[in-house]
Every structure is written in structure tokens, then in C-alpha cells.
Amino acid sequence: MPAFPDAARAAVRDTQLRRNLAHATTTIRTKRAAAVGELADWAELRETAKQIKDHTIEHLGHYLRLLEEQVTARGGTVHWARDAAEANQVITDLIKATGETDVVKVKSMATQEIGLNEALHAAGILAHETDLAELIVQLGGDRPSHILVPAIHRNRAEIREIFRREMPGAPDDLTDDPARLAEAARSHLRERFLAAKVAVSGANFAVAETGSLVVVESEGNGRMCLTLPETLISVMGIEKVLPSWRDLEVFLQLLPRSSTAERMNPYTSIWSGATEGQTFHLVLVDNGRTATRDDEVGRQALRCIRCSACLNVCPVYQRAGGHAYGSPYPGPIGAILSPQLRGPGSPVDDSLPYASTLCGACFEACPVAIDIPEVLVHLRSRAVHGRAEQAAMRFAAWTLRSPTRLALGQRLTGTAGRMLGRRGRIGRLPGPLARWTETRDAPVPPAETFRDWWNRR
């Protein structure tokens, strides 16, 4: 993936994409505000969730060992994966052991993160997405662009065309009516559910004290995947564990209101270990989480419960869309989570901490109080600074130490700015300063500085 500014520049030119995003995020944001406003103790719930998550992350090893003990005691098998490659190999081997070449999947951010579908395809195994939005993305040969609504960048007319072109058995007279589209998907998926012997799921939460896993959803497709197949493989990032059922109670109030603006998810599936007639495997994935935990500031990103509230309030996401972030985790949370999980070095990960206005709307919306602007600034400070930037900072310090030099600099900058400006704006600055104007215009400086105005008055 290219750096965020390059990807975003292309995205903002897509007027249809911007209309789709503006309509969807505005609708979700309005509904969420109403749902949250119903709870008088929302601020207290938010603070409690923050403390639970911080405690769990601090004692993560203890709760993961307890989770393994409880899952194993209830007939399940726990596998540990240090990175994406190891997780994919474990899952592939488990599926191959069953002799199956087709699996059904519950919507899962963890499997997107590790690139599971691609790894299974390379091994001759076809994974069928069963979440409606994920199905749209898969049939369209596309990539998800939102944590909660992966196909948010598509409108009804585009979905209709994808279904008619790519979905086996799609009706010839299919319209873009939402009910007709949902019915076509339902008929298509029902065959997959009834034939599948193996399912792969993620997990929204895991309760350490009983070894219970939790999946919340709105469609019921997840419930079909979790219960019908003979083998269930659940893939979970290690930060999803919670100590107790009392803790889960808090998050089951926060998550639905923050994500789908519902008081409660229509389907909440909870199971502990293997159920009757089914073999259960739990794959616990690190993939950069331990390294993130070691960062005192950056570790708060591990509180994230994948509600997507930060995306829906972010002015940058609303205009650039999710694909520009080059990660399964788009938006503000992706800008702090992806660079930590994947590490620095690539153009996209080095640029993500700058994919923000630092307006703070994401922090206000976050149900677990992740101070995303704080982490963004922290990650920016860790960036490697070149000699030119160091020289510029030394020159700025030298200028700011003297009122005389500062006044002279202001006058020179103002004169140069007026020479470069066109119609009251500066569209491009020369030399290294051009990077600043790649993504923004600057106003032409006024003819009189504040200092001169003050002296004159």
C-alpha cells in the first residue's frame, strides 16, 4: 500500500464514495447519539470499561493462562500463535485434518488482520464469508473499508450489480430494494450453512473465569456458523480476554450502543469449550500485541472493542474512506493500532500517525476512553527524524529565542507568502515545505503582522 496521503488523494476524488460515506456515517452517528443518550451512567460505564481493560492488559499473562485452563477443562483445544504466519498455519492444518476444502466464516477482524482467507486459498481451501457486508466485499473482489460495515463504500445499486454478476443463483429480476438484496443473500448462504462441516469465527470477548467465548451480531449468520458445523475454530487476539462475567456485563452495554446504536445485539452467542457433537479449537494470536503492550502510551490501543464509533465521527475517514489506511483497521483506531501491530518501516505505517487532524472527536466517542490523539502524537514523536528536520528545528529555536529575529522572520515570511499566493491562498510552497502543502492550502499572510498592528495602535 502507498502512504496514506497518496491513497487518500485518489480516494477524495471519488465523489460517489464520498456521498456513500457521508450518508452512512451521518446516519450511524445520529442513531448512536440517541442510544447513548438513554443511559444516565454512560460516563461511569466508560470509565469502568477503561479500568477493566487496563487491569486486564497489565495482568494479561495471568488471564490468558486461566482462559486456556478453563477452555481445556471443557473439552476445547487451545493453540498459541506468535504471528500471522503461525496462526494461518495452525488453522490450515486443523482444516486439512478434517478433510474439508470449504469452510464458512463468521465476520472476524482478527482473520482479516492475519490474511486468513488468502492463506486458505493458497492451501486449496475456500472460505465463504457469511456476514452480509463481508459477502458483498468478497463477491466484489473488494477490501473492507469499515470495521462494522465493511461494504459501507458501496450503495444499493452497486450491491445489486455485484450480486447479479457474482452470486450463483441470483434472480434475474433482482432489484436494489434492501429486502430483495437480503433475501438473495439469505438463499445463497443457506446452502453454505447446511453443507459446511467446518466453521471459522472470531470472538468479541472471552471470559477467563469460565473459558467462555462471546460473539455478538445482528443478522443470525454467526449463530448458524457457530452451531451447525462439526468443527469450530475460533481466532482471537489475546487482548480480547476479560477476567469475569461481571466485567462482560459492562461491555455488553457499551458495545451495541456504540456500534449499531442498539440497546442490545439481536444475537449474542456464548459457549464454553466444546459443545455436544462439535470439536472446538481456540487460536490465540499475538501478532504484535505483546510489543504494543510494552509501550506505556501506545498500549491503550489494546482497549479497543472494535465498535467503529471513532470512524463515524472522524472528518478524515469520512472523506478518504477506509481503503486509504491500508489496513483491516481503518480510521482513527487503525492509525494507532496498525503501526504498532505491524511495526514501522512501510510507507503506509509510517504515514498513518499523521492521518488525523487531532480534533479529538474520536476520543470523545470511544466507549473505552482511548486517547487516540495522545497516541497519535506519541507515535509521531517516535518517527525517525532526518538531518534536514533536525536542522530546521535548531534554526526555529534560534529564531524564537530572540524577539528581534522573530519579528524579522515574520516580516520576511509574510512578504514571501504574499508573493507565492494566488487569490488569497498558497497552494504550493517551495522545496521541503512542499510536503506541507501536498494535503492542504495555506492562507496568504496579511500585509500587517500582529506585532506591527500592536505597535501602531
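User: What makes strand β2 and strand β4 a pair, and in which sense do they pair?

Analyst: This is a predicted model. In it, β2 (residues 102–105) and β4 (residues 198–201) are joined over 2 bridges. A pair needs at least two bridges. The 2 bridges therefore meet the cut-off, and the sense is parallel. Lys105 has Val200 of β4 as its bridge partner.

User: Where do these strands sit in the sheet, and what is its order?

Analyst: The order is β1-β10-β7-β4-β2-β3, an open sheet of 6 strands with parallel pairing.

User: Why are β1 and β3 called edges?

Analyst: β1 (77–81) and β3 (126–129) each have a single partner strand, so one side of each has no neighbour in the sheet. From one strand to the next, the twist averages 25°.

User: Which helix packs on this sheet, and which strands does it touch?

Analyst: Helix α4 (residues 60–73) does, touching β1, β7 (231–237) and β10 (279–285). The direction of α4 makes about 145° with that of β1.

User: What is the order of the open sheet of 4 strands?

Analyst: That order is β8-β5-β6-β9, and the pairing is mixed. The edge strands are β8 (241–242) and β9 (267–272), each pairing on one side only.

User: How do you know that β6 pairs with β9, and in which sense do they run?

Analyst: Strand β6 (residues 212–217) and β9 share 6 bridges. At least two are needed, so the two strands count as a pair. They run antiparallel. Leu213 stands opposite Trp271 of β9.

User: Which helix lies across β5, β6, β8 and β9?

Analyst: That is α12, running at about 160° to β5 (205–207).

User: How does the reach of α12 compare with the expected value?

Analyst: Helix α12 (residues 245–259) has 15 residues. From first C-alpha to last, α12 reaches 21 Å, close to the 21 Å expected at 1.5 Å a residue. Its buried residues include Leu248, Phe251 and Leu255. After α12 comes Ala261, with a positive phi near 60°.

User: Why is Ile136 called buried?

Analyst: The relative accessibility of Ile136 is 7%. Buried means under 20%, so Ile136 counts as buried. Ile136 is in helix α8 (residues 132–139). Leaving out residues up to four places away in sequence, Ile136 touches Ala151, Ile159, Ile162 and Phe163.

User: Why is the pair of Trp271 and Phe280 called edge-to-face?

Analyst: Their ring centres are 6.1 Å apart, and the limit for a pair is 6.5 Å. Their planes stand at 90°. Trp271 is buried at 8% relative accessibility, and Phe280 is buried at 1%.

User: What makes Phe450 and Trp454 a tilted pair?

Analyst: The centres are 6.1 Å apart, with 35° between the planes. Stacked means under 30 degrees and edge-to-face over 60, so 35° falls to the tilted class. The two residues are 4 apart in helix α23 (residues 450–456), which means a separation of about one helical turn.

User: Are Phe450 and Trp454 buried or exposed?

Analyst: Phe450 is exposed, and Trp454 is exposed too.

Conventions: Residues are numbered from 1 along each chain as its sequence is written. This is a predicted model: local features need pLDDT of at least 70, side-chain atom pairs count only at pLDDT 80 or more; totals for chains, interfaces and linings use all residues. Side-chain values use heavy atoms; hydrogens and water are left out. Axes are lines fitted to C-alpha atoms, for helices over the stretch in contact, and angles run from 0 to 180 degrees between N-to-C directions. Contact means heavy atoms within 4.5 Å. Buried means under 20% relative accessible area, exposed over 50%, partly exposed in between (1.4 Å probe, protein chains only). The expected span of a helix is 1.5 Å times one less than its number of residues. Rings of Phe, Tyr and Trp (its six-membered ring) pair if their centres lie within 6.5 Å; planes under 30 degrees apart count as stacked, over 60 as edge-to-face and the rest as tilted.
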